[in-house]
Amino acid sequence: MTNTLESISLIATYSAMAVYTLAFILFTVDLAGRAASDGQSPPTRWLRSGMAVLLLGFAIHFGAVITRGISAHRVPWANMYEFGLTATLVLVGVFLGINIWRDVRFVGAFVSGFAILALGIVAVNFYVAVSPLPPALQSYWLVIHVCVAVLGTGFFATGAALSASQLFQQSREEGKLQTRSWRFLAAFPSSETLEALAYRIIVIGFVFWTFTVIAGGIWAERAWGRYWGWDTKEVWSFIIWTLFAGYIHARATRGWRGRPAAILSLVGFGAVLFNYGIVNVFFKGLHAYSGL
Amino acid sequence: MASRRPSDPASLQPVDLADSTSDFDSPDAPRKNRLDAPISGPKLGPLEFVRWVWRVLTSMRTAIILLVLVAFASIPGSLVPQRSSDPNGVIVFRDANPELFQFYESIQLFDTFTSVWFSAIYLLLFISLIGCIVPRTLYHWRILLAEPAAEPASWVRLPFRRREPAVGGTAASLDLAEAVLRSAHYRVVRNDTSIRAEFGYLRETGNLVFHVALVGVLATLAVTGGYGWSGQRVIIEGQTFTNQLASFDSFHPGSWFSEQQLEPYGVTLQSFTAEYTQDAVNDAWMPIDFTAKVSVAEGDATREVVLKVNEPLAAGNSQMYLLGNGYAPVITVRDPQGTVVFDQPVVFLSQDSNLTSIGVVKVPDGLSEQLGMQGFFYPSAVDLDSGALSSNNPEPTNPTVTFNIYTGDLGLDSGVTANVFQLPVESLTQITGRHTGNDVMLTPGDVFELPGGLGSIEFTSLRRFIGVEIRHDPTQMGVAISLFFVVAGLLASLGTRRRRVWIRARGTARTPELEWGGMSRGDDPRLDASLDRLVEKTLPPSAAKIRGK
Ligand code: HEM
């Protein structure tokens with residue numbers, strides 16, 4: 001029973017990747033088409049179908065996460081594979097959610113592309129079969145701590161997509177990147193709008209990250225007897241937090257808005273990726289139960 | 001209440017704050033980056049110089065640079081083993097790279113977070129922070145006491161403007177607008193022909209609370225940190241730990257620790273059980289539960305408590321955490337006459353997930369020679385093809401100890417504290433065990449006769465031990481309270497928009513009108529929607545409907 005669910009989850013993961021790939025193609029076709037008309041044309045049916053397909057992929061992906069959780073009898077984020085699976089779901093969910101509030105469909109290609117890449121890496125390199133939790137992880141703080149970490153990561157990732165677009169757009173506005181292959185930027189909002197959007201999303205990510213660090217501290221106190229001990233993972237969570245605090249300040253500082261702020265945001269997201277992909281795999285420390 | 005707005009807010013704000021509250025307060029003032037403007041020509045007097053340094057230090061730019069520096073300065077703390085979190089790693093590093101070790105040591109890389117350079121950065125950051133928030137708090141305090149700002153000289157620059165007929169006359173319309181603004185929690189000043197209103201003071205309040213609370217975290221650590229202490233101890237089933245200095249295997253006092261801080265209590269380990277399951281993927285055994293049953297004697301009362309990972313035990317003013325466990329075989333040594341000279345559970349430290357463990361027995365007295373035994377323990381011993389033993393399960397299905405036994409001077413009288421887990425084998429003579437052709441392999445109840453009529457050893461029974469950390473951390477309360485305000489301030493600040501609204505009577509006596517103007521601090525994409533909604537509320541339903549079309 002458990003094993004069938006587990007394989008259903010894996011199959012759903014690969015199906016979601018396939019559907020995301022289709023969404024990626026549709027988003028790209030839309031960008032190419034609109035760039036050809038210098039971005040003046042309204043969103044096309046390519047864009048609308050891209051969103052629909054992405055939503056379908058999200059539903060399948062959601063199924064993959066749920067079945068994984070049921071087969072493990074716990075929250076599906078206790079090792080790197082599960083964290084990656086859930087964080088990517090949240091990333092797509094955050095993107096879809098933001099669209100209810102503000103039209104950011106133009107980064108759809110970026111988000112779906114990132115989701116395919118992340119899911120692919122996670123499924124191929126980090127896959128592990130369902131296994132029970134070691135005693136240190138048996139705590140409801142696992143649910144809280146990792147849940148907010150996943151949410152924070154989802155917002156930071158979307159913010160990074162916007163900050164990167166902002167950098168390219170700004171270069172284009174300054175007369176660079178005028179070749180044909182950059183024409184798709186014409187379909188994007190101005191760099192100033194992109195920056196304002198990125199800021200609001202990253203600020204939400206920052207709040208979640210603040211909760212992540214605090215919840216982690218409370219849990220560490222329960223499990224290891226100290227709330228903060230500069231363990232490798234703690235160091236990197238701190239680095240991420242201070243970098244984004246720097247970004248938030250940069251947004252409020254003359255001479256630091258625009259390009260420097262966007263670069264800080266990307267450096268911050270680089271630290272998020274490093275923390276997940278490199279620190280978990282190659283560094284030793286108390287958090288070394290990534291399940292690899 | 002009628003106090004006026006502060007006239008020169010500029011000196012109270014970081015010099016390079018964009019959209020600063022001072023710009024917001026005097027929207028007609030020209031914007032320029034005061035940091036880049038020379039203050040008084042090329043030659044600065046000493047006072048100006050100090051002032052200039054202070055301005056630079058408390059500028060936003062400096063805050064960003066210091067924040068990024070703190071982040072980068074932390075990186076070595078994750079790359080190089082740290083004394084605080086991984087003391088063993090430091091020793092391993094020293095043995096592997098003695099020269100690099102010297103260099104790293106000289107720049108305090110093994111103590112990154114207490115190093116001079118790291119401390120310098122974060123202290124500068126907090127000086128900058130305090131230098132920034134004190135004047136901002138003063139300024140904000142005055143704003144809180146003052147009335148909403150006077151209307152700007154020119155309405156043209158206002159991002160929100162709207163004109164509506166004042167149905168029922170200006171006075172009645174202004175009354176209505178005042179009521180609407182008040183119910184939307186604006187602070188309102190009403191004049192005969194105009195209104196000025198302001199909302200969102202909480203933004204700056206929250207921001208200041210957030211930054212002050214950060215100082216609170218650091219201050220708590222600085223003030224109370226020195227009173228903390230922690231210690232480690234191994235407790236074998238049946239043993240009692242009493243909370244006094246001599247009972248700890250290792251102890252780390254804070255700088256202001258005194259022994260009276262240890263409140264008397266005792267913890268006896270009644271039993272320890274571990275549950276394991278076989279991991280389907282790589283066949284390895286994984287622990288799924290550790291449970292230690294202990295009885296705690298405090299004052300006259302004794303209570304039975306379960307100690308688990310993630311469920312520490314509170315006793316006295318300290319907490320006890322379950323961090324490790326393992327096996328302690330009971331070893332009995334007798335002299336040739338059968339008199340017991342050694343009879344103790346011996347702690348064996350586990351080396352792998354199947355709890356293959358190593359331990360050392362030292363018998364300095366009672367036999368004709370001092371005896372040292374290097375032991376290996378296998379909870380579930382199986383023979384490997386090579387002839388060596390291995391454990392295939394962490395549970396004691398076939399508990400077995402093997403020993404290499406030595407005689408000679410154990411070095412216990414030399415005055416140097418000996419490591420209980422190490423035997424000075426170089427200076428001893430091996431008499432049995434591996435490579436001697438006389439293997440010692442015991443299961444519970446087995447007796448081994450030592451060669452040369454030295455005596456006998458017996459593996460009498462098996463017990464388990466737990467490794468606990470006992471800790472008193474007086475920083476917790478203060479840090480928790482500060483962090484509460486960090487989060488509350490952050491949410492309040494980021495969730496609030498600072499907005500201003502002015503209304504003035506316009507039009508003629510026959511067609512009276514009200515003109516609304518509004519602005520926000522910083523970018524505020526919902527300004528229009530929010531103010532439109534307020535305006536609609538002051539219009540008669542029919543008018544609002546027509547507008548809505
Ligand atoms: C310990 C270092 C610091 C951290 C972690 C930090 C963090 C933050 C965060 C997260 C925010 C945005 C949230 C909010 O508005 O409440 C913020 C805003 C702000 N910080 Fe800091 N800060 C630090 C030091 C400083 C220093 C030294 C200054 C003064 C130079 C400063 C001045 C400001 C100002 C003026 C804002 C408001 C920006 C705006 O209006 O958007 N901060 N800070």
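The iron atom of the ligand has two protein donors, A:His249 (NE2) and B:His211 (NE2), lying 2.0 Å from it, where donors are N, O and S atoms within 2.8 Å of the metal (3.2 Å for Na, K and Ca) and water is not among the atoms, so sites may look incomplete. This is a predicted model, in which local features need pLDDT of at least 70 and side-chain atom pairs count only at pLDDT 80 or more, while totals for chains, interfaces and linings use all residues. Residues are numbered from 1 along each chain as its sequence is written, chains are lettered from A and ligands numbered from 1 in the order in which they are written, and side-chain values use heavy atoms, with hydrogens and water left out.

**Iron site**

- A:His249 belongs to helix α7 of chain A and B:His211 to helix α9 (residues 201-224) of chain B, so the pair joins two chains; helices are DSSP runs (H or I, at least four residues), numbered from the N terminus.

**Interface of chain A and chain B**

- Chain A brings 51 residues to the contact and chain B brings 60 residues, contact meaning heavy atoms within 4.5 Å.
- The buried area is about 4600 Å², with 64% given by carbon and sulfur atoms; this is the accessible area (1.4 Å probe) that two parts lose on being put together, summed over both.
- Within chain A, the residues losing the most area to chain B are A:Pro135, A:Tyr227 and A:Arg254, together 17% of what that side buries.
- Helices α6 (191-224) and α7 (232-251) of chain A each supply at least two residues of the side that touches chain B.
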